[in-house]
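Hi,

Here is the structure I said I would pass on. Have a look at it first, and my notes follow below.

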Amino acid sequence: MKPAAFRYHAPGTIEEAVAMLAQYAPDDGRVLAGGQSLVPTMAFRLARPHHLVDINGIADLRRLASENGRLAIGAGVRHQAFHRPVVAGPLGDLLAAVMRHIAHYPIRTRGTFCGSVAHADPASEWCLVAATLGAEMVARSARGTRIIEAADYFQGIMTTALEPDELLAEVRLPLLPADTRTGFYEFNRRAGDFAMGMALVTFRIADGVMIEPHVGVGGAETHPRRIAAAEALLAGRAPGDASFRAAAAAASAAIDPLTDHQTNAEYRRDLVATVTRRALEQAAHT
Ligand SMILES: Cc1cc2nc3c(=O)[nH]c(=O)nc-3n(C[C@H](O)[C@H](O)[C@H](O)COP(=O)(O)OP(=O)(O)OC[C@H]3O[C@@H](n4cnc5c(N)ncnc54)[C@H](O)[C@@H]3O)c2cc1C
């Protein structure tokens with residue numbers, strides 16, 4: 001099927017883009033980034049936007065820079081930019097490892113990091129990264145710029161704190177200290193499919209015990225999030241099978257799992273214990 005008719009707009013600057021969004025968002029105007037989620041839904045006529053504001057011609061959005069202790073990822077940066085570490089240290093290595101789980105190569109050459117975070121599919125790997133590491137989302141509109149913290153940003157299935165006239169101009173991830181251990185584990189039936197469950201963990205070790213643990217779960221609930229109950233069982237404890245199993249069980253108990261076309265809630269709850277434990281084991285060996 002072909003998409004329903006729409007008007008196409010191609011701004012050359014961020015200012016032009018947000019002015020267009022101010023004008024067209026009330027008439028179902030949308031940002032077009034990589035098009036890897038939006039265009040298929042238009043082709044199936046599940047989405048029928050009246051206006052598309054194509055941000056691909058805006059050079060300022062292709063910024064990928066490490067500054068003030070953060071990695072700034074502009075809205076034009078595509079998944080494929082992360083094939084190799086974009087920054088020295090654990091964050092660059094983690095992003096390269098996670099990126100390999102996103103879709104297939106041709107999709108990664110078009111789809112964007114910020115597009116994934118704006119789209120907010122529950123099983124998006126970049127959303128899990130943003131939620132677990134505590135990203136800052138930089139939203140631009142004709143009304144100005146605001147920063148949205150990850151804990152306030154993700155609100156439900158494909159639902160975020162972004163307003164319809166806001167452009168997610170940049171996502172900023174904290175650069176991880178050099179001794180940060182990281183682990184990511186995802187389960188799906190076929191490579192490239194959306195995750196049925198995944199976990200991302202980070203921690204450091206001081207005096208033989210884990211400090212600053214972050215445990216994030218994605219693909220299992222309406223949106224990815226950190227699981228405080230699991231983190232509490234890691235902080236101050238030695239890394240190992242006992243603490244990892246306890247944290248994994250806490251993560252499994254804490255979630256409100258989705259049932260969808262892939263599987264049911266009971267399976268997902270069980271899966272979350274497994275992916276969390278495996279991510280922790282991986283982190284222990286980095
Ligand atoms: C077969 C297939 C498999 C896939 N598998 C995976 C997978 O395993 N994991 C995964 O995470 N993704 C997967 N995807 C989705 C892919 O990663 C998309 O690239 C991503 O979801 C959206 O990014 P995009 O740049 O293509 O956004 P678009 O498709 O252009 O836009 C998506 C939505 O976000 C909005 N939007 C985009 N950018 C912005 C912005 N900067 N500010 C405000 N709103 C914006 C658009 O208006 C639209 O509503 C898959 C896609 C396909 C087709």
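To start with a term: a polar contact here is a pair of N or O atoms within 3.5 Å; within protein, one must be able to donate a hydrogen and the other to accept it, and residues adjacent in sequence count only if both atoms are side-chain atoms. With that in mind, a ligand oxygen sits 2.7 Å from a polar backbone atom of leucine 38. The protein covers 88% of the 970 Å² of accessible area that the ligand has on its own (Shrake-Rupley method, 1.4 Å probe; for residues, only the protein chains shown count as cover). Polar backbone atoms of glycine 34 and glutamine 36 each lie 2.8 Å from an oxygen atom of the ligand.

Before I go on, this is a predicted model, where local features need pLDDT of at least 70, side-chain atom pairs count only at pLDDT 80 or more, and totals for chains, interfaces and linings use all residues. Residues are numbered from 1 along each chain as its sequence is written, and side-chain values use heavy atoms, with hydrogens and water left out.

Helices (H or I, at least four residues) and strands (E, at least two) are DSSP runs, numbered from the N terminus.

Next, helix H1 (residues 14-24). Its buried residues are Ile14, Ala17, Val18, Met20, Leu21 and Tyr24 (buried is under 20% relative accessible area, exposed over 50%, partly exposed in between; 1.4 Å probe, protein chains only). Seen down the axis of H1, they fall within an arc of 155 degrees, so they line one face of the helix (the arc is that of the directions from the helix axis to the C-beta atoms). They pack against strands E1, E2, E3, E6 and E10 (contact means heavy atoms within 4.5 Å).

There is also an open sheet of 4 strands, antiparallel, in the order E11-E12-E13-E14. Strands pair if DSSP finds at least two bridges between them. E11 (181-187) and E14 (225-226) are the edge strands, each pairing on one side only. E11 is joined to E12 (residues 197-206) by 7 bridges.

Finally, which residue has a positive phi, near 60 degrees, without being glycine? Alanine 120 does, in the loop between H5 and helix H6 (125-133), and alanine 120 is buried, at 3% relative accessible area.

Cheers
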